[in-house]
Amino acid sequence: MSRVSRPDAELVARCRAGDSDAFEALYREHSPRLYALARRMTGSSPESEDLLQEIFLQVHRKLDSFRGDAALGTWLYRLAIRQCLDFLRSRQGRMRAASHPLEDDGSYMPSTRETPGARIDIERAIALLPPGCRTAFVMHDVEGLEHKQIAEMLGVSESTSKSQVFKARMKLRAMLR
Amino acid sequence: MTHPTDETLNGYIERELSPAEHVQVATHLESCADCALVVSDIQQIVRDASALGPIDPPAHVWEKLAHSIVDSRQSTVASRQVAVESQQVAVDSQQVLAESPRPTVQGLEPRAQGQEPRAQSLEPKAQSVQPNAHSLWPRYGWAMATAAMVVLAFLTGRFVHEREQQSVAEQAPAVTALPASVDQTDVRERVLLIAVGDHLERSQMVLVELAHAETRGQLDISAERQLADDLVASNRLYRQTAQQMGQDSVATLLDDLERVLVEVARGPSTVSMRQLADIQQRIESQGILFKVKVIGSDIRKPPVS
């Protein structure tokens with residue numbers, strides 16, 4: 001049974017028919033959530049912009065394969081998170097990760113709180129996490145995925161996922177205190 | 001007083017401790033401000049993280065995206081034009097194949113005799129262009145047939161061109177023996193596109209297999225590697241021919257495709273999860289599978305009258 005709401009079904013149908021306004025509407029509606037996901041997963045604005053563009057190019061290409069088994073937002077989210085993980089696994093991603101300012105040595109401490117407001121602080125602090133534990137933290141604490149799901153997506157054990165989230169929390173605590 | 005470890009405090013927050021441990025830590029937190037602060041800080045981080053919301057992307061992301069989509073649509077439109085051009089290929093190419101040897105016998109005896117057996121030997125393969133014959137051909141038989149057809153088309157085209165030049169020089173009437181409606185350049189283009197369509201279909205099979213493959217250990221891709229290796233040489237031929245004929249969009253696509261095919265063909269037969277991800281990223285990042293699907297399907301699509 002289709003789980004797609006009528007407006008979503010109509011929007012998808014119009015996109016499939018080549019209606020560029022419909023695709024822009026789809027982008028406007030869903031891009032903020034997917035951009036936030038991409039930005040937090042990559043920890044980089046320029047990379048997340050490229051990634052968001054790639055995600056929606058994939059959406060444009062794959063919309064014909066959307067069967068309505070899940071809500072449109074869920075389908076988009078799955079596609080986006082897969083794209084994010086592919087990016088992080090890619091050579092390009094690894095090279096950029098290698099030059100990341102904060103590695104797993106726990107030595108980084110921000111000199112000051114850069115801007116007032118806890119949410120802005122935590123956004124910036126998440127971006128400064130090492131890639132490995134940032135991914136697990138974003139998937140678990142921000143996106144609300146279970147450790148079992150994260151373990152499957154990342155190809156690691158559940159205990160590794162828990163360990164990475166714990167590590168991220170402790171680093172964030174050190175940065176935000 | 002023994003403080004719980006940070007892991008234990010984290011387990012307390014996650015409610016992953018046994019009931020006895022949970023009570024023990026809770027009791028400790030009532031009397032230890034330091035540990036209570038750690039728990040409080042982490043709980044605050046978890047709350048803040050879960051409350052993080054969407055972020056509006058910069059406006060230029062949509063502008064770039066819209067531009068990319070327009071580009072892909074233009075590619076689709078161009079490939080539809082290709083499809084229209086290829087509409088009469090099956091008929092015209094066979095017509096040329098059938099008719100071109102005859103004037104050669106009449107007009108240019110020595111050369112025609114040299115060419116005729118080659119043309120005849122390839123003729124049955126040219127007939128395999130008909131859709132019903134497709135399933136009768138083995139996997140590589142069809143590839144060989146299409147490649148042979150392209151070669152034949154170029155031999156025919158080259159021969160006719162030479163013959164026309166010679167005929168003009170001799171002011172011979174033999175040119176009129178050719179069907180007036182057959183423009184040799186057009187026919188060669190159409191034959192090329194038919195062959196490229198089939199080539200893209202086989203390439204798509206390789207790309208789809210690789211793009212959708214999953215592994216957590218080692219994965220044997222020797223079959224895809226072998227197929228990619230088989231496709232590289234014909235891809236190069238088609239690309240160069242497309243360039244010579246001014247089919248820039250097809251040549252560009254084949255150029256992109258060739259890079260991926262070469263990478264697979266020259267890579268290992270067994271790949272790790274990371275190597276597979278690299279290959280998949282290469283396929284994804286260039287949108288090569290999408291382009292192959294779109295242009296390939298448009299070329300193969302039955303033309304609309």
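**Ground rules.** I number residues from 1 along each chain as its sequence is written, letter chains from A and number ligands from 1 in the order in which they are written. Because the model is predicted, local features need pLDDT of at least 70 and side-chain atom pairs count only at pLDDT 80 or more, while totals for chains, interfaces and linings use all residues; side-chain values use heavy atoms, with hydrogens and water left out.

**Entry 1, interface extent.** I looked up the contacts (heavy atoms within 4.5 Å) and found 50 residues of chain A against 39 residues of chain B. The two chains bury about 4,100 Å² between them, 61% of it on carbon and sulfur atoms. Buried area here is the accessible area (1.4 Å probe) that two parts lose on being put together, summed over both. Phe166(A), Arg169(A) and Arg173(A) supply 16% of the area that chain A buries against chain B, more than any other three residues.

I found four salt bridges across the interface of chain A and chain B, taking a side-chain nitrogen of Lys or Arg within 4 Å of a carboxyl oxygen of Asp or Glu. I noted a salt bridge between Lys64(B) and Asp50(A), at 3.8 Å, N to O.

Helices are DSSP runs (H or I, at least four residues), numbered from the N terminus. Elements that give two or more residues to the side touching chain B include α2 (20–42), α3 (45–62) and α9 (158–176) of chain A. α2(A) gives the most, twelve residues.

I checked burial, where buried means under 20% relative accessible area, exposed over 50%, and partly exposed in between (1.4 Å probe, protein chains only). Eleven of the twelve residues of α7(A) are buried. Among them are Cys133(A), Arg134(A), Phe137(A), His140(A) and Asp141(A). Just after α7(A), Gly144(A) takes a positive phi of about 80°.

Cys35(B) is buried, with a relative accessible area of 6%. Cys84(A) is buried too, at 1%.
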